[in-house]
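Hi,

Here is the structure I promised to pass on.

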Amino acid sequence: MKKKILALFLSVMLVLSLTACGSGTSDNSDDSDTTEVTDSVSESTEEVTEPAENVSESEADSQDEVLEEENAETIEIAEFQTSATIEETVLYNENNVVITATGLEYSNYEVAVNLLLENNSDEDLKFVSGSVGYSCNSVNGYMCTSAYLYETVSAGMKANEDISFSITELQLFGINEVADISIAIEIEDDEFNEIYTGPMQILTTAADTYDYETDTFLNAVNSGAFEAIYDCTIDYFTTDISVNSEDVQIISEGVLTNADGEITLWLEVENNTDEVIYAVTSNVFVNGLCAYSGTWNSDAIAPDARGVLTMSFESLIEEAYREAIGMDEIGEVVFTFNARDEDRNLLFDGEELSLTLSDATFDTTGTEIYNDEYVTLVSKGLVEDTASYSDDIHLLILAKNNTDGEVYLSNEYDSLSVNGFMTDYSYYGATIPAGAYVLLDVELDRDSLTENGIDGIDDITGISFSTEIRDDDYGEVATPTLTVEF
């Protein structure tokens with residue numbers, strides 16, 4: 001299944017999936033430094049009190065309100081402090097480039113570092129930070145994804161630019177004061193030659209008194225502040241995770257559901273080395289289904305810093321697809337975790353991690369369209385595209401690997417027809433681990449269907465296409481033509 005890119009745990013860290021609400025700031029003119037939030041979720045789920053049977057509906061509602069008030073918990077969220085400042089600091093002075101941090105500014109929603117970018121070379125240069133290709137910015141030792149910079153500075157010129165960090169993101173990590181900021185910038189010329197500055201640290205006036213020993217993210221989770229800020233519930237949480245490495249540790253793991261019912265898994269990963277590492281999650285199984293084969297995410301974590309990696313189930317398996325395969329809830333999640341150094345060398349062998357929320361599985365039945373010693377293919381029917389910008393139609397096929405090695409499925413180019421008409425489509429195939437199931441997605445282009453007089457799902461009577469089947473040695477073993485009739 002192709003990976004959907006979110007606008008969010010979006011590559012990749014938690015906040016792009018979590019910054020759903022704004023945050024206020026404090027100018028220290030008020031004696032109070034906390035905000036009260038009422039959380040009506042009881043801490044105990046072992047005992048539930050229900051209204052008496054012989055009462056009216058209005059009386060029952062009244063009892064419910066009393067119970068909610070009794071169970072209500074007042075959560076104090078410290079307001080964000082805006083008194084920390086920085087001195088003008090030269091962060092980088094090499095390769096005819098000078099980068100200087102000149103100031104720190106606060107708004108209701110962001111903390112901005114003022115930068116002076118000097119290009120003393122004879123070529124135009126691009127300065128990029130926080131992109132998919134290079135994102136290694138942090139505050140108080142927590143990696144942040146909200147900060148972004150993209151600026152072209154002409155040869156021999158200077159530019160004043162800001163790089164801003166979301167206050168909501170910082171508060172989700174339990175950060176309410178900026179002690180230090182680290183910024184990493186990629187510098188690129190017109191010939192795509194690249195220079196990477198690495199993390200450049202800026203200390204504020206709060207650095208000397210800041211408590212770096214406290215895990216502020218865990219504090220936010222344990223206190224309920226995280227749930228209150230994000231309006232979510234934490235369905236699973238543990239700090240009892242170990243990997244066979246002293247350099248990289250998993251501090252916590254959790255699963256949350258936000259107000260829209262979207263489910264996200266997080267890993268809080270600590271880098272104990274003196275260089276940037278990349279924490280990698282791969283080969284994700286949900287309820288026994290291989291939801292993604294290969295690298296799902298690779299997130300940079302600066303030296304002695306922590307990153308909160310995320311995995312959104314909505315991006316792994318879309319809701320319409322889950323309905324088609326009878327995956328009503330999340331049961332067991334299994335994935336591989338490892339880490340690489342700056343040269344992409346593995347720091348330790350990948351370790352399989354798992355968590356169980358329920359005994360839920362998925363439906364393997366359907367219309368069988370192919371079966372041999374390598375794979376079994378079952379049609380799960382047609383579904384409409386769920387994206388607001390697309391009205392394509394998807395044919396879903398459940399594929400099972402019948403061998404004890406990997407099996408590869410790929411597209412036989414330009415082989416698909418709908419109702420006998422050649423049709424534009426997308427089909428990316430899959431790598432299927434030994435004995436596993438994957439869900440194949442054949443996306444039918446709506447414009448092409450319309451040109452052939454096919455206006456919707458009800459007009460489709462048959463689909464035919466060819467797929468290549470390759471064994472564990474990537475040798476082609478069959479190229480069957482698959483036909484699905486409706």
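**Strand pairing and a buried serine**

Leu125 has Asp189 of S14 as its bridge partner. Bear in mind that this is a predicted model.

That pair belongs to the contact between strand S8 (residues 125-129) and strand S14 (residues 186-189), which are antiparallel and joined by four bridges. Zooming out a bit, S8 and S14 sit in an open sheet of four strands, ordered S11-S8-S14-S15 and paired antiparallel. The edges are taken by strand S11 (149-153) and strand S15 (194-196); each has a single partner strand, so one side of each has no neighbour in the sheet. From one strand to the next, the twist averages 15°. As a reminder, strands of a sheet pair through backbone hydrogen bonds, parallel or antiparallel.

The other spot I looked at is Ser138, which lies in strand S9 (residues 137-139). Is Ser138 buried or exposed? With a relative accessible area of 4%, Ser138 falls under the 20% cut-off, so it counts as buried. Leaving aside residues up to four places away in sequence, Ser138 touches Met143, Cys144, Phe165, Asp180, Ile181 and Ser182.

For the chain as a whole, the secondary structure amounts to eight helices and 36 strands. The chain has 486 residues, and 51% of them count as buried. Its accessible surface is about 23,200 Å², with 40% of that belonging to carbon and sulfur atoms.

Cheers

Terms used
Residues numbered from 1 in each chain as written. Predicted model: local features only at pLDDT ≥ 70, side-chain atom pairs only at ≥ 80, totals over all residues. Heavy atoms only, no water. Helix = DSSP H or I, 4+ residues; strand = E, 2+ residues; numbered from the N terminus. Buried < 20%, exposed > 50% of the residue type's maximum accessible area, 1.4 Å probe, protein only. Contact = heavy atoms within 4.5 Å. Pairing = 2+ DSSP bridges. Axes fitted to C-alpha atoms, helices over the stretch in contact; angles between N-to-C directions. Areas by Shrake-Rupley, 256 points an atom, 1.4 Å probe, with all protein chains shown as cover.
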